[in-house]
Amino acid sequence: MTNITKNCFCGNQRPFEQCCQPIISGKTAAQNAEQLMRSRFTAYVIEDFPYILQTYASQQRSGLTVSQLTDSAQNTQWLHLQVLAHHPQLNTAQVEFKGFYQVDGRYYVMHELSDFVREDEKWCYTTGVIQKDSGEFSPERNSQCLCGSGKKFKKCCGT
Ligand SMILES: [Zn+2]
Ligand SMILES: [Zn+2]
């Protein structure tokens with residue numbers, strides 16, 4: 001039997017314990033905006049809303065609470081992250097991604113262009129612009145399942 005390493009929730013081919021977990025727990029800092037973005041996606045998957053709040057830039061953070069974030073994420077099951085582009089500058093960065101999720105058995109994609117800023121040496125999320133191709137979609141029955149199992153959709157979540 002081959003030993004298959006389980007991918008992190010963010011899609012990186014490393015286990016959670018060596019990828020987003022040390023960042024979310026505060027053991028290490030995100031080295032760039034893409035790492036921060038991935039760790040925030042993972043935090044949504046594992047429902048660590050205090051981490052989501054803490055990684056907003058100060059201006060955005062001041063208008064938010066953990067319970068607001070928890071409420072807005074209810075019923076949403078995040079499945080898969082695809083990072084499309086990362087444009088780092090010195091103290092700002094943009095990350096383009098597609099996040100796939102499920103609500104009440106239906107599939108959705110959120111295609112976002114996110115802005116990040118570095119505050120006190122830490123990368124933080126500011127805002128994002130949702131792209132027009134976001135919304136509900138039907139997964140191809142023969143494509144890889146979005147849950148990351150490595151199986152075809154029709155033999156996994158699509159049965
Ligand atoms: Zn990760
Ligand atoms: Zn699946």
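A residue is called buried if 20 or more other C-beta atoms lie within 10 Å of its own, exposed if 12 or fewer do, and partly exposed in between, with C-beta atoms placed from the backbone.

Good morning, colleagues. What I show is a predicted model, in which local features need pLDDT of at least 70 and side-chain atom pairs count only at pLDDT 80 or more, while totals for chains, interfaces and linings use all residues. Residues are numbered from 1 along each chain as its sequence is written, and chains are lettered from A and ligands numbered from 1 in the order in which they are written.

I begin with the overall arrangement. The protein chain has five helices and five strands, and from the N terminus on they run α-α-α-α-α-β-β-β-β-β. Helices (H or I, at least four residues) and strands (E, at least two) are DSSP runs, numbered from the N terminus. The C-alpha atoms fill a box of roughly 45 × 35 × 30 Å along the principal axes. A compact globule of 159 residues would have a radius of gyration near 15 Å, and the 16 Å of the protein chain agrees with this. That radius is taken over C-alpha atoms, and the globule rule is 2.2 Å times the number of residues to the power 0.38. Buried residues make up 25% of the 159 residues.

I return to helix α2, residues 33-45. From its first C-alpha to its last it reaches 18 Å, close to the 18 Å expected at 1.5 Å a residue; the expected span is 1.5 Å times one less than the number of residues. Its buried residues include A33, L36, R38 and F41. Just after α2, E47 takes a positive phi of about 60°.

Which residues have the most contacts inside the largest nonpolar core? They are C10, C20, A33, L36 and F116, in a core of 29 residues. α1, α2, α3, β1, β2 and β4 each supply at least two residues of this core, and α2 gives the most, with six. A nonpolar core here is a set of buried Ala, Val, Leu, Ile, Met, Phe, Trp, Tyr and Cys residues joined through C-beta atoms within 7 Å. In soluble globular proteins, nonpolar side chains tend to be buried together. Leaving aside residues up to four places away in sequence, C20 touches C8, F9, C10, R38, S39 and T42; contact requires C-beta atoms, placed from the backbone, within 7 Å.

I turn to the strands. β1 and β2 run antiparallel, joined by 10 bridges, and form a hairpin with three residues between them. Strands count as paired if DSSP finds at least two bridges between them. A85 has E96 in β2 as its bridge partner. In the hairpin of β2 and β3, D104 takes a positive phi near 50°.

Finally, helix α5, residues 66-73, is hardly covered: the count of buried residues among its eight is zero. D71 is found in this helix. Why is D71 classed as exposed? D71 is exposed because it has 10 other C-beta atoms within 10 Å. D71 and Q59 are 12 residues apart in sequence and 21 Å apart in space, C-alpha to C-alpha. Just after α5, N75 takes a positive phi of about 70°.

Terms used
Two residues are in contact if their C-beta atoms, placed from the backbone, lie within 7 Å.
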